[in-house]
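Student: I have a model open and want to learn how to read its features. Can we go through a few?

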Amino acid sequence: MAWRHAVLGLALASLALLTSSCGGGDNELILGATTSIQDAGLLDEIIRAFEAVTDYHVKPSVGGSGEVLAKARRGELDVIMTHSPAEEDKFIADGEGLDKRPVMQNFFLIAGPEADPAGVRSAGSMSEAFKRIAGGQRTFISRGDQSGTNVRELSIWAELGITPQGQPWYQESSTGQGQNLIVASDKDAYTLVDSSTFTVFEKRISLRTLLTDTANPNVYSVIRVASDKHQNVNAASAIAFAEFITSRAGQCMIAEFGADEYSKSLFEPAARCPSANVGG
């Protein structure tokens, strides 16, 4: 793919710079990433590309954004990629993280049964769609795990003044993005999911895209864990990763990912890559 040529070009120009930062011979990077990045298949591609141009070995730690941020606060990670803006900003304000950079985005959507008994397709907004689901007491599957997706979902209920927890139509799966989508499909229910995960799982489930929130992109950011608070954090590896994933090579890799299989990329990079067929 096109991004591979860009990676090779980056390697020739900056490999020495990136690998020279392997202070003390410690070449392990502990990367915290969300389940949606893993379920879309992008995490493995990122790791392969980064390891190809540096001497670092990546150890991934996957969970919802809330779980990843909690691990980072304990100093268990070197760098994170999450998609929960308010929680990320608090993480940085508390001195736990630094150097937040946007990496990519996709969109949240409501997936549901083809019959769409709640009338989500004709709703003019996500709030109206959620209101219809609650009003009709239609089954809704929530991740219920403080992930970025769960936080976005809960914010919509809060805006409506609706408390869904404890209602017979509202169920929590406490699973990752892809598995939550499968649970919703098995129950012929509604759920909130990111567009990339839905695209990857679409042929395995019976649900349809009913409404996409294009007005509020789902932004993923990279943040380095503060090494001054957590001495075991490998600051050099975190810097190298942040530089790579926001570089032209990293951004073109993201722009090309999924294009061969889905005729569009699964994520839209923060910095546009020339000639990329961007979707998401």
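Student: Which side chain does the side chain of N218 join in a polar contact of 2.7 Å?

Tutor: First, the ground rules. This is a predicted model, where local features need pLDDT of at least 70, side-chain atom pairs count only at pLDDT 80 or more, and totals for chains, interfaces and linings use all residues. Residues are numbered from 1 along each chain as its sequence is written, and side-chain values use heavy atoms, with hydrogens and water left out. A polar contact is a pair of N or O atoms within 3.5 Å; within protein, one must be able to donate a hydrogen and the other to accept it, and residues adjacent in sequence count only if both atoms are side-chain atoms. Here, the partner of N218 is N106, at 2.7 Å. The side chain of Y220 also pairs with that of N218, at 3.3 Å.

Student: Is N218 buried or exposed?

Tutor: Buried means under 20% relative accessible area, exposed over 50%, partly exposed in between (1.4 Å probe, protein chains only). N218 has 2% relative accessibility, so N218 counts as buried.

Student: Which residues touch the most other members of the largest nonpolar core?

Tutor: In soluble globular proteins, nonpolar side chains tend to be buried together. A nonpolar core is a set of buried Ala, Val, Leu, Ile, Met, Phe, Trp, Tyr and Cys residues joined through side-chain atoms within 4.5 Å. The largest one here has 45 residues, and M81, M104, F241 and I245 touch the most other members. A second, separate core has 19 residues, including W157 and L192.

Student: What does N218 touch beyond four places in sequence?

Tutor: Contact means heavy atoms within 4.5 Å. Among the residues N218 touches are H83, M104, R152 and D194.
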